[in-house]
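Please read these comments next to the coordinates.

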Amino acid sequence: MASRREFFKKLVEPAKSVKEEKKTSFLRPPYVVDISLFDKECVICESKACAKACYENIIVIEAGGTPILNFSKSGCTFCQDCAKACERDVLKVTEDNEKIHALFMINKDSCMAHNGSICFSCKEPCIDNAILFKGMFEPIIDMEKCTSCGFCLSRCPTNAIEYIIRSANE
Ligand code: SF4
Ligand code: SF4
Ligand code: SF4
């Protein structure tokens, strides 16, 4: 028979894994060096200088005190200002970390151009030309070209642009 201690351990463990899963679902700013530093450094960082440095105002500090991206009004220009402002090297420009770890896609059910209407609202802000139309319809996002900058998201009148978060350690 399981001891009282084992019984309570089982009750506690699922709660812990849910908490960890929630943490990995944060969309982080670019220039991540090591994902574990958000919980070690950002939570004790008083300046939150990354968020203040972002002139696009897309870095917000979540309730736990760490920076996340919010594309509801704008996107990332990869200006590096957040990384340059971070004094704790949580965000730091390296050779290969100019990345936002999200995979963008168009929801065909919600997209006007997939349902017979003419709409190019997402195409115009995409300076990487990553949104490809078949003639005037059926846009898709070219994953090879998409930088996950997020500028298209707020421009879609039917909220058809979606993303899934990838691990920042990928
Ligand atoms: S990324 Fe840097 S500046 Fe931003 S909260 Fe973390 S330690 Fe502070
Ligand atoms: S790179 Fe520039 S625009 Fe992008 S999150 Fe950092 S400060 Fe904001
Ligand atoms: S997230 Fe991708 S598809 Fe959208 S504007 Fe940026 S590069 Fe273009």
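The numbered points below go from the whole chain to single residues.

1. Basis. This is a predicted model, in which local features need pLDDT of at least 70 and side-chain atom pairs count only at pLDDT 80 or more, while totals for chains, interfaces and linings use all residues. Residues are numbered from 1 along each chain as its sequence is written, chains are lettered from A and ligands numbered from 1 in the order in which they are written, and side-chain values use heavy atoms, with hydrogens and water left out.

2. Secondary structure. The chain holds 4 helices and 6 strands, taken as DSSP runs numbered from the N terminus (helices H or I, at least four residues; strands E, at least two). Their order along the sequence is α-α-α-β-β-α-β-β-β-β.

3. The chain has 170 residues, and 37% of them count as buried (under 20% relative accessible area; exposed is over 50%, partly exposed in between; 1.4 Å probe, protein chains only). Among contacts (heavy atoms within 4.5 Å) with a separation of 6 or more, 66% join residues 24 or more positions apart.

4. Ligand 2. Around ligand 2 there are 13 residues, and Cys54, Cys76, Cys79, Gln80 and Cys82 come nearest; the criterion is a heavy atom within 4 Å. This shell has 9 nonpolar, 2 polar and 2 charged residues. In this scheme Ala, Val, Leu, Ile, Met, Phe, Trp, Tyr, Cys and Pro count as nonpolar, Asp, Glu, Lys and Arg as charged, and the others, Gly among them, as polar.

5. Ligand 3. The residues surrounding ligand 3 include Cys126, Cys146, Cys149 and Cys152, along with Phe104 and Asp128. By class, the shell divides into 7 nonpolar, 3 polar and 1 charged.

6. Cavities. The grid has a 1 Å spacing and covers the protein atoms alone; a cavity is a set of points where a 1.4 Å probe fits but cannot get out, a pocket is an open set with protein on both sides within 12 Å along at least five of seven lines, and lining residues have an atom within 4 Å of a point. Points are joined across faces, edges and corners, and a volume is the space filled by probe spheres set on them.

7. Pocket. The largest pocket has a volume of about 250 Å³. Its lining has 14 residues, with Lys99, Ile100, Ala102, Ser148 and Arg166 nearest the centre. The lining comprises 7 nonpolar, 3 polar and 4 charged residues.

8. Tyr163. Tyr163 sits in strand β6 (residues 161–165) and counts as partly exposed because its relative accessibility is 29%. Leaving aside residues up to four places away in sequence, Tyr163 touches Leu27, Phe71, Ala102, Leu103, Phe104 and Leu153.

9. Positive phi. Which phi does Asp89 have, positive or negative? Asp89, which is not a glycine, has a positive phi of about 55°, and lies in the loop between α4 (81–85) and β3 (102–106). Asn159 also is not a glycine and has a positive phi of about 55°; its place is the loop between β5 (137–141) and β6. Asn159 counts as exposed because its relative accessibility is 60%.
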